[in-house]
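Subject: Structure handover

Hello,

Below is the structure I said I would pass on. My notes on it follow.

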Amino acid sequence: MAIPQSFIQELLSRVDVVDIVGKYVQLKKGGANFMGLCPFHGEKSPSFSVSPTKQFFHCFGCGKNGNAIGFLMEHAGMTFIEAVKDLAQQTGMVVPEEQQSPEDRAKAAAQKAKQDSLSDVLEKAGEAYRDQLKITPHAIDYLKGRGLSGQIAKRFGLGYAPEGWRSLASIFPKYDEPLLAESGLVIVNEEDDKRYDRFRDRIMFPIRNIKGECIGFGGRVIGSGTPKYLNSPETPVFHKGRELYGLYEAREALHSAGYVLVTEGYMDVVALAQLGFANAVATLGTACTPDHVQKLFRFTDAVVFSFDGDSAGRRAARKALDGALPYATDVRSIKFLFLPAEHDPDSYVREFGQEAFAEQIKQAMPLSRFLIEAASADCDLQSAEGRARLSSQARPLWQLLPDGALKQQLLLELAQLIQLETAGLEKLWGQQAASDQRFAPASRNAAAPAPQSANAAFSHAASAGHDEYPNFEPNYGDQQAWSGANTFVPSNGNSNWKNKNPNWTPSFKGNSKYKREQPPVYTGPRTVPASRADHAARLLLGNMALWESLAGQDHAMLCALPAPHGPLFAWLESVFHEQGALGWSTLSEYMQGQPFAEDAQRWVAQDRMNNAVGLDNATPPDPQEARQELRRLLSMLMIDHLQQLKNEALAQHQSGQDPEALARYSSLDKRWRELKATAAMVSLD
């Protein structure tokens, strides 16, 4: 689905950012603007300003800013498309669809209707479960025995599924309605087509998405039945790997507490909310995924994972570590809390009190320490073999980290444990990464080395100071020469023979002489991008999955850029939301007819090194390198944006139009200097 830029501008002209923000933040008139406590970070004195004339919000404390769409993306965790649709619904506007065939529009409409129908069915069942709880004494007694009040049960919409096999038949007259099975409420026996309720004699926990819509259920057995917890299956509206229980209810508490506490169960979340920790969420019967972590960082910059201290808890924490590492930037905090084996968060707070549990959270294990602990598992650091094992286990974890001070400090700590110099360890890991890529199974069957693999291998080796592939040196101008004159060094050590060129491979046919592989296809010079926005577009078009790694403020900044970049990024966000990550060949077909299509083709064509002629489906560049490059670009774009805002604030101060302009300038200048300093450190690395 593509949304015309003209519609977005019309939409923003009809909504009032003061009304939108005012639904979530208590605002008071202060001069020309409205002021309130920032919803994005904890503060006691208001530094959050909303301008009705500019239709813009800005926090002078944390620097968050944007329009009404950006606010919903940042505060409610919506995607760009979701925010636009939400505002359009409030204003009575209909979101148009561009460049879609009648078949595509019909398919999209049918999918939307199916999702709405499933949500309606789930909402109706949830209401029936809540009504049933009110008239079921033993279910009420169970919740009271767990220390839950009626108020907290109402807040989370708790209910009760009766014991009968077909209780929902009294709620839905058409018990054979396919939607009941598709929503996961009813199970159909394929052999005899008999139907029965999935949830029976269970406390029901409705699972809500970030908009508050019921998308599934978790059922907790009363008594000693099995399984202890039963969840809804995967449906068109419910995906366990993306959703978090309690996130909708915890939104406000996340901002005031300053962190999110990730627990293992529904009851932990509800009980902790009862006991003063309303900022808790839980995974839905599955390990914590990167999607979970990314979603959490849309609401807070600090995450604390809470697990039991037993072996199962350690295994769960280890999986959470893998999901969290790519998002562990220098401005985020990730910790791991391990309680005694006999306690979960609920029981610990009840036995030792809120202050003791808060202290446990404060003393939780930092990600850096847990990474070293995980990498050191089964390693005897008193022996060379044990230290070598540590190096092998630490490398994949360390390489998941984004570039920054944390990554460099961990390299130093690991080098000391392995008893190598930092440069030596980095060189070793660079060689191993190049070797892994060179001998990957997919590359062995190729007739010639793919340019992408060669360039990636070169970049790894170069970063480690090792010239493993001299003939794959990247050339940014003229066509590179292909040197194939070198021959194999005989085993007798004759020094008159030159070293074997690495691009010769043994032939196991005939007389076993060596043959030369075909040189890579020359793809022409690589031109320098016209602007940072061009380069960012090129990276995202070439590796669409990078879009999901960006924060909400990054999305808002890119979508707000002038044409053609802004409309392109808005369209890209919508396609990603509807279709997922697409390859460039498919994406370019979807783009036909869009006003920015020619520009996009030109930007991608500039990156000749990343896609050889005739290899439209070639392997994309290394995702980690592309992610790091995009991060640097976005930082520079934000620096440019802040400079523009600084100039505007200074001009307003000098003209006397805005008495708050000088304070705004100071805040912007502080953020500008911090970003500049960070960018300078990254460039030195």
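Which side chain meets that of Asp346 in a salt bridge at 2.7 Å, N to O? That of Arg350 does; a salt bridge here is a side-chain nitrogen of Lys or Arg within 4 Å of a carboxyl oxygen of Asp or Glu.

Before the rest, the conventions. This is a predicted model, in which local features need pLDDT of at least 70 and side-chain atom pairs count only at pLDDT 80 or more, while totals for chains, interfaces and linings use all residues. Residues are numbered from 1 along each chain as its sequence is written, and side-chain values use heavy atoms, with hydrogens and water left out.

Salt bridges

A search of the whole structure gives 15 salt bridges. Arg350 and Asp346 are four residues apart in helix 13, so about one helical turn separates them. (Helices, H or I with at least four residues, and strands, E with at least two, are DSSP runs numbered from the N terminus.) Asp346 also forms a salt bridge with Arg146, at 3.5 Å, N to O. Asp346 lies in helix 13 (residues 345–352) and Arg146 in the loop between helix 6 (137–145) and helix 7 (150–156), so this pair ties together parts 200 residues apart in sequence.

On accessibility, buried means under 20% relative accessible area, exposed over 50%, and partly exposed in between, with a 1.4 Å probe and protein chains only. Asp346 is buried at 5%, whereas Arg146 is partly exposed at 22% and Arg350 is partly exposed at 39%.

Another salt bridge joins Asp640 and Arg532, with the closest N and O atoms 2.6 Å apart. Asp640 sits in helix 26 (residues 623–655) and Arg532 in helix 21 (residues 532–542), 108 residues apart. Both are partly exposed: Asp640 at 36% and Arg532 at 33%.

Five strands make an open sheet of mixed pairing, in the order 13-12-14-15-16; two strands pair if DSSP finds at least two bridges between them. Strand 13 (280–282) and strand 16 (365–366) are the edges, each pairing on one side only. Strand 12 (residues 260–263) runs parallel to strand 13 and is joined to it by three bridges. Val262 stands opposite Val281 in strand 13.

Helix 12 (residues 311–324) packs on the sheet, touching strand 14 (302–308) and strand 15 (333–339); contact means heavy atoms within 4.5 Å. The direction of helix 12 makes about 160° with that of strand 14. Axes are lines fitted to C-alpha atoms, for helices over the stretch in contact, and angles run from 0 to 180 degrees between N-to-C directions.

Regards
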